[in-house]
Amino acid sequence: MALIQCTDCHSDISDAAAACPRCGAPVPVTLKQGQEQCPWCMSVVDAQASICPGCRARKGYATNAYGVMGKGSVIAFGLVLPLLITAAFPPAGLLLVPVALFCAWRLKRGPVWYQTTRVGG
């Protein structure tokens, strides 16, 4: 066992601890290839997973009122639909150009984790 520094309060803690005894922050773990850590509950998940088994967070490209959007939804509703509206109604459709630019940026950046439910409540 070695002492590491807590990422939140900077106190020295054991690397075997699950959480910092001073502030309660979860301790990041060493990940193997093909694994990543959920930023919400710190569970280790497969890199290809789209739902965290620990807290049910979802990985996707954007969110809307219905939940987390996958790549296909972002392409359809964030790129294609705004561009079609812009082509059909140029003056009003120009307001949707920032939406298309944002969605293109999100697609290029890759999926991220979104917390869809509250942990413990």
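**Group meeting: a walk through a predicted model**

Glu 36 has a relative accessibility of 21%, so Glu 36 counts as partly exposed; buried means under 20% relative accessible area, exposed over 50%, and partly exposed in between, with a 1.4 Å probe and protein chains only. This is a predicted model, where local features need pLDDT of at least 70, side-chain atom pairs count only at pLDDT 80 or more, and totals for chains, interfaces and linings use all residues. Residues are numbered from 1 along each chain as its sequence is written, and side-chain values use heavy atoms, with hydrogens and water left out.

What does Glu 36 form a salt bridge with? The partner is Lys 59, and the closest N and O atoms are 3.3 Å apart. The pair links distant parts of the chain, 23 residues apart: Glu 36 is in strand S3 (residues 35-37) and Lys 59 in strand S5 (residues 58-60). A salt bridge here is a side-chain nitrogen of Lys or Arg within 4 Å of a carboxyl oxygen of Asp or Glu, and by this rule the count comes to 1. Helices (H or I, at least four residues) and strands (E, at least two) are DSSP runs, numbered from the N terminus. Lys 59 counts as buried, because its relative accessibility is 17%.

Next, the annotated spans. UniProt positions use the numbering used here, feature names are shortened, and annotations may be inferred rather than shown by experiment. That span, residues 6-55, is 0% helix and 18% strand, with its end C-alpha atoms 22 Å apart. Ser 50 sits in the loop between strand S4 (44-46) and S5. Its relative accessible area is 42%, so Ser 50 is partly exposed.

The other UniProt feature, also from an unreviewed entry, is "transmembrane region" at residues 74-105. Residues 74-105 are 88% helix and 0% strand, and the end C-alpha atoms are 11 Å apart.

Now helix H1, residues 71-88. H1 has 18 residues and reaches 25 Å from its first C-alpha to its last, close to the 26 Å expected at 1.5 Å a residue; the expected span is 1.5 Å times one less than the number of residues. Where is the kink of about 30° in H1? It lies at Val 80, shortly before the proline Pro 82. The bend at a residue is the angle between axes fitted to the seven residues ending there and the seven starting there. Buried residues in H1 include Val 74, Gly 78 and Pro 82. Ile 85 also lies in H1, and at 30% relative accessibility Ile 85 counts as partly exposed.
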